[in-house]
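Biologist: Hi! Could you walk me through this one?
Modeller: Happy to, let's take a look together.

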Amino acid sequence: MSLEDIQKDPHLQNFIEMETQKQRYQHLVHGLTERCWDLCVDKPSQKLDGKQQSCLVNCVQRFIDTTNFVVNRLEKSQGLLTAATSADSEFMAS
Amino acid sequence: MADLSRDDLMDQVKQQIALVNAQELLSKMTDKCFKKCIVKPGGSLDGSEQKCVAMCMDRYMDAWNVVSRAYANRLSQERTRMS
């Protein structure tokens, strides 16, 4: 297939879009795991205990809350973000 | 590239993505578990350090899965909230 064929192939376009989205999701999970691991897992042991698990879940939730909060607050402050091309947060876009 | 079929192309894309993900996991896992387990680097990676790294790797995978599930749940919540 030539590059032109690829660009004209709706099936392929759709596939690439899906894969890109999946990859973005995975990349965010890698980043969140890294951040939340530091906060929630002090000493690795035989298994993740309940406390560590709920810490991880809360960590994810609060990180997304924070993202939303930052975006909303910037949006309210005289449309600082309106100049930017997209006001969608990274999280909501996927 | 010119005579690549669509299926070949899709396979290649999937493989590349899997590779990138494996690399990202590998580098983060190594970084985190090195920090937790190798406090005083000695003449070799001794038995207790190896045990620590092995356990740390398993827990890191567990944590990855917990985070992934939590994130997926939140995404679907946000979607229903917005629609």
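Predicted model: local features only at pLDDT ≥ 70, side-chain atom pairs only at ≥ 80, totals over all residues.

Modeller: One term to start: a residue is buried if 20 or more other C-beta atoms lie within 10 Å of its own, exposed if 12 or fewer, and partly exposed in between, with C-beta atoms placed from the backbone. By that rule, buried residues make up 17% of the 94 residues in chain A.

Biologist: What pLDDT does chain B average?
Modeller: Chain B averages 93, and 96% of the residues score at least 70; pLDDT is the predictor's confidence in each residue, from 0 to 100. For the complex, the predictor gives an ipTM of 0.87 and a pTM of 0.83.

Biologist: How many helices and strands are in chain A?
Modeller: Chain A has 4 helices and 0 strands. Helices (H or I, at least four residues) and strands (E, at least two) are DSSP runs, numbered from the N terminus.

Biologist: What span should α2(A) have, and why?
Modeller: α2(A) has 31 residues, so at 1.5 Å a residue it should span 45 Å, and its end C-alpha atoms are 44 Å apart, which agrees. The expected span is 1.5 Å times one less than the number of residues.

Biologist: And α3(A)?
Modeller: α3(A) has 27 residues and reaches 38 Å from first C-alpha to last, close to the 39 Å expected.

Biologist: Which residues are buried in α2(A)?
Modeller: They are L28(A), V29(A), L32(A), T33(A), C36(A), W37(A) and C40(A). Their cover includes α3 of chain A together with α1 and α2 of chain B.

Biologist: What does C36(A) touch?
Modeller: Not counting residues up to four places away in sequence, C36(A) touches L56(A), C59(A), V60(A) and V67(B). Contact here means that the C-beta atoms, placed from the backbone, lie within 7 Å.

Biologist: Which residues touch the most other members of the largest nonpolar core?
Modeller: Of its 23 residues, those are L32(A), C36(A), L56(A), V60(A), A63(B) and V67(B). α2(B) gives the most to this core, with 8 residues. A nonpolar core is a set of buried Ala, Val, Leu, Ile, Met, Phe, Trp, Tyr and Cys residues joined through C-beta atoms within 7 Å.

Biologist: Switching topic: is K32(B) buried or exposed?
Modeller: K32(B) counts as buried because it has 21 C-beta neighbours inside 10 Å. K32(B) sits in helix α1 of chain B.

Biologist: What is K32(B) in contact with?
Modeller: Leaving aside neighbours within four places in sequence, K32(B) is in contact with W37(A), C56(B) and Y60(B). K32(B) and M57(B) are 25 residues apart in sequence and 8.9 Å apart in space, C-alpha to C-alpha.

Methods
Residues numbered from 1 in each chain as written. Chains lettered and ligands numbered in written order. Contact = placed C-beta atoms within 7 Å.
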